[in-house]
Amino acid sequence: MDFRPDDGLSAFRNEVRQFLRTRLPDKLKGSVSGVRGPKGDLQHWQRLLHEQGWGGPSWALEHGGTGWNPQQLYVFDEECAAAGAPPQDIFGQRLLGPVLNEFGTAEQKAQHLPGILSGERLWCQGFSEPDAGSDLASMRTQAVLDGDAYVINGQKIWTSYAHEAEWIFLLVRTNPSVKKQAGISFLLVDMKTPGITVKPIWTIDGQHHLNETFFDNVRVPVGNRVGEDGGGWGITKFLLNNEHAATAELPALLRFMRQLKQLGQRQTVNGTPLIERPEFALRLVQMDSELTALSMMVRRVVALEMDHSPQAHVLGSLLKVRATDLQQRMGDFLVEALGDDGAVSYIHEPADQDADAPAPYEAMRRNVASEMFFRRATTIYGGTSEVQRGIVAKLLFQF
Ligand SMILES: Cc1cc2nc3c(=O)[nH]c(=O)nc-3n(C[C@H](O)[C@H](O)[C@H](O)COP(=O)(O)OP(=O)(O)OC[C@H]3O[C@@H](n4cnc5c(N)ncnc54)[C@H](O)[C@@H]3O)c2cc1C
């Protein structure tokens, strides 16, 4: 593959930059953290993207997306990160959207895709259960057919943003008597359906992203099933294999690096900027080189995805292991570089509505401890690093 910039992409990059310069409001740039911010900000940004015709950056044209290839998508992500744009709703955009486009009925597409593109309908993912995480096929939440509806009973856990989502896509066991993978179905459920209870789980970063979600005799029309009864496992594999390059969370890494460089210039120790201290500069340069190597790896995975090469799976798993490790080390470095201030998180200071928003540098300082804690989770969600290594070990010798 070729790492040289190509003319088509430079023009595309300029177009994205121009859009971000003119349409991304300053208020939304305040989301200096790569972790999802307020629901209103996310929906506001999605609305602006939708108006531009960019509501589905990774979707094909015939599905209402941009039709961009993975390299254009990479450039888009890179530019959005550089401009400080909020993240999109990964659950609707990157996980469910492609599933509906591939397996959904015409009615399901008409009912759900427009809300994902416009940002009006946010989704959450109900896969993990207390005894079924890495071993997802052991999940037990049951759905029993009763006339024209499934009746769901059971519990999901670690349901990110279930408290903000309008709908959930859910794995349920519809047949307990067959091989465990064969008895799973994939349902779409309105979070307002009677019998659903969402309980918050507060995490070490001091934030509420996660929840337990309980289902107590929840009735869901059969028409809300995607694919065949018992076909949920195939859909899940499609969903999990989608978007290998995205698991690297390159925008978060690029943002960390910018913040480290900014901090190196502005943070002083005994009057000397950190960047002039060899121990800081050396560590920064090493991480910068690692980041360069990693972004080349992302481009390589992107190229393999474009060729529909099975090697994308192996490299995708390797990429996730390396990128999440680097995210954690960069987060740790930011906190250390702030010295005593790094240990303090101001995230819960009540916002003063009359005051101007904190300048980006100050806002970043307020967020680093919380984000450093959040990033501990990156080696767990989306498949733990141990499991990814297992996948690599299994697949490596096939090529
Ligand atoms: C911040 C965050 C957000 C999340 N959001 C969601 C969400 O929105 N929806 C959702 O459904 N889930 C979500 N999850 C759950 C996530 O998918 C699971 O935590 C993950 O799959 C691991 O499962 P587990 O926690 O049950 O750990 P377990 O699977 O019990 O693993 C425990 C330990 O054993 C190791 N291990 C397990 N199996 C193997 C193996 N085969 N080989 C080697 N080591 C192994 C693991 O690496 C880990 O260290 C989220 C998790 C986090 C932390």
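**Close-up views of a predicted model**

**View A. Asn-217, an exposed residue.** With 11 C-beta neighbours inside 10 Å, Asn-217 counts as exposed. The scale is this: 20 or more other C-beta atoms within 10 Å of a residue's own make it buried, 12 or fewer exposed, and anything in between partly exposed, with C-beta atoms placed from the backbone. Asn-217 lies in strand E7. Helices (H or I, at least four residues) and strands (E, at least two) are DSSP runs, numbered from the N terminus. Phi of Asn-217 is positive, near 50 degrees, though the residue is not glycine. The model is predicted: local features need pLDDT of at least 70, side-chain atom pairs count only at pLDDT 80 or more, and totals for chains, interfaces and linings use all residues. Residues are numbered from 1 along each chain as its sequence is written.

**View B. Asn-270, in the loop between strands E9 (268–269) and E10 (272–273).** Asn-270 is not a glycine, yet its phi is positive, about 50 degrees. It counts as exposed because 5 C-beta neighbours lie inside 10 Å.

**View C. Gly-65, in the loop between helices H3 (39–51) and H4 (70–83).** Gly-65 counts as buried because it has 21 C-beta neighbours inside 10 Å. Leaving aside neighbours within four places in sequence, Gly-65 is in contact with Gly-56, Ser-58, Trp-59 and Ala-60. Contact here is C-beta to C-beta within 7 Å, with those atoms placed from the backbone. Gly-55 is 10 residues from Gly-65 in sequence, and their C-alpha atoms are 6.6 Å apart.

**View D. The shell around the ligand, 18 residues.** Phe-127, Gly-133, Ser-134, Thr-384 and Glu-386 come nearest. Strand E1 (123–126) and helix H12 (385–395) are the elements that give two or more residues to this shell. By class, the shell has 8 nonpolar, 9 polar and 1 charged residues.

**View E. The largest nonpolar core, 37 residues.** Such a core joins buried Ala, Val, Leu, Ile, Met, Phe, Trp, Tyr and Cys residues through C-beta atoms within 7 Å. Trp-123, Ala-165, Ile-168, Leu-187 and Val-189 touch the most other members. Strand E4 (167–173) is one of the elements that supply at least two residues. E4 gives the most, with 6 residues. Another core, of 28 residues, lies apart and includes Ala-248, Leu-253, Phe-256 and Leu-274.

**View F. Helix H10 (residues 311–337).** H10 has 27 residues and reaches 38 Å from first C-alpha to last, close to the 39 Å expected at 1.5 Å a residue. Just after H10, Gly-339 takes a positive phi of about 60 degrees.

Note on methods. Expected span 1.5 Å × (residues − 1). Near = placed C-beta within 6 Å. Nonpolar A, V, L, I, M, F, W, Y, C, P; charged D, E, K, R; others polar. Contact = placed C-beta atoms within 7 Å.
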